[in-house]
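Open your viewer and keep the selection tool at hand. This tour goes stop by stop.

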Amino acid sequence: MAGGTGTRLYPASRADRPKQFLALGGSESLLARTVERVGFADEVYVSTTAEHADRVREAVPGAGVIVEPDAKDTGPALAYAAHRVREQRNGPAPETGEQGETTADRDGDCVVLCVPSDHVVGDGFAGAARTAARAAVETEGLVAFGVEPTRPATGYGYIEPGESRGEYAEIARFREKPDAETAERLVAAGCYWNAGLFAWTPEALLRAARDSPLAPLVEALDDGDPERGFRAVEPVSVDYAVMERTDDAYVVAADFEWDDVGSWDAIERVVETDADGNAVLGDALTIDAEETVVAGLDGAHVSAVGVEGLVVAAAGDRVVVVPKDDAQRVREVVAALREQGRF
């Protein structure tokens, strides 16, 4: 999944350069690292929008590309991808701009592993993915990955596990992004972070989507008119549209380090910090600073002096300064810039 923008990492992430194309502490882009991570799969496709499709092809030429008719969040994107994958495995490849078809056998069903392109993931992913694939086949349901929390984060949704079935468990309840007090209770109760990683057969997702706000899209896809289907639905996450509504949802414990690098405060978890707790990315330095994220990108240099608990990020001619605890509010900057036509 590579159709988003990553607005909370502005100004590094912009409309013409979403965060999945950034390296952010590594030598390769987040997208390239994601494709490498799923190299055990028989086939790899990147789902993205038309405006990013060419750049995806350049970044990961070995992957196929599924071009979404419109950017309407993960619900429509994943339903569309499931439908396309099913078509490609059961009939002639559709003429919708996809490329990179492999010589793998295209007959029969499969398990689709849905992986965001902007996460940082540690060792052990392949094993958990195979467990999730087995669960998807055994249950004929929808499988989510649950990450054991390392802190009471308010920026993630949570999964409350239900009855155990050995390698996986039923999902008792999904929890929306909580306030700090609720997050502490959820962590103490043994809930997982919802990592936004999923596994299912195409038929399982489409069956659930037919009884959801995505129903008009699935009907239009069956009729061969994806543009009509995307016009008929509102932007909606797959969590809200499908996962929270189905009775066939399951969770696999994610036995690997994980971070979605969703905002600037996450940088201190993916790059090495100095003795004063500062995380420095790109061309930047700190003097008498503590617990501060400093980033200088795209030719910008940043110096942070005598400050504590800030994010100071510059990319090109754009600069953002925000208290680290309020890093999520960068999206408000982006909203204002979009209204002005300057994002």
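**Before you start**

This is a predicted model, where local features need pLDDT of at least 70, side-chain atom pairs count only at pLDDT 80 or more, and totals for chains, interfaces and linings use all residues. Residues are numbered from 1 along each chain as its sequence is written, and side-chain values use heavy atoms, with hydrogens and water left out.

**Stop 1: the largest pocket**

Select Gly4, Arg8, Asp73, Thr74 and Asp118. Of the 48 residues that line the largest pocket, these are the closest to its centre. The space in this pocket is about 1,500 Å³. A pocket here is an open set of points on a 1 Å grid over the protein atoms alone, where a 1.4 Å probe fits, with protein on both sides within 12 Å along at least five of seven lines; lining residues have an atom within 4 Å of a point. The volume is the space filled by probe spheres set on the points, which are joined across faces, edges and corners.

Now colour strand 8 (192–200). Strand 8 gives the most to this lining, four residues. Helices (H or I, at least four residues) and strands (E, at least two) are DSSP runs, numbered from the N terminus. By class, the lining has 16 nonpolar, 17 polar and 15 charged residues. Ala, Val, Leu, Ile, Met, Phe, Trp, Tyr, Cys and Pro count as nonpolar, Asp, Glu, Lys and Arg as charged, and the others, Gly among them, as polar.

**Stop 2: the second largest pocket**

Select Ala41, Glu43, Val111, Val112 and Leu113. Of 31 lining residues, these lie nearest the centre of the second largest pocket. Its space is about 770 Å³. Which element gives the largest share of this lining? Helix 3 does, with six residues. The lining divides into 23 nonpolar, four polar and four charged residues.

**Stop 3**

Zoom to Tyr10 and Pro11. A cis peptide bond joins them, with omega about 10°. Pro11 sits in the segment before helix 1.

Next, pick Val261. Its phi is positive, about 45°, although Val261 is not a glycine. Look for Val261 in the loop between strand 10 and helix 10. Is Val261 buried or exposed? Val261 is buried, at 1% relative accessible area. Buried means under 20%, exposed over 50% and partly exposed in between (1.4 Å probe, protein chains only).

Asp298 also has a positive phi, near 55°.

**Stop 4: salt bridges**

Arg17 and Asp298 meet in a salt bridge, 2.1 Å from N to O. A salt bridge is a side-chain nitrogen of Lys or Arg within 4 Å of a carboxyl oxygen of Asp or Glu. The pair links distant parts of the chain, 281 residues apart. Arg17 is buried at 15% relative accessibility, while Asp298 is partly exposed at 47%.

Move to Glu291 and Lys324. Their closest N and O atoms are 3.8 Å apart in a salt bridge. Then select Arg86, Glu203, Arg210 and Asp222, which salt bridges with shared partners join into one network.

**Stop 5: a surface patch**

Finish with Leu285, Ile287 and Val305. They make a nonpolar surface patch of about 240 Å². Nonpolar patches take side chains of Val, Leu, Ile, Met, Phe, Trp or Tyr within 5 Å of each other, in residues with over 30% relative accessible area and no salt bridge. Leu285 is partly exposed, at 35%.

Technical notes: Patches are made of residues with over 30% relative accessible area and no salt bridge: like charges are joined within 9 Å, nonpolar side chains (Val, Leu, Ile, Met, Phe, Trp, Tyr) within 5 Å. Accessible areas come from the Shrake-Rupley method with a 1.4 Å probe; for residues, only the protein chains shown count as cover.
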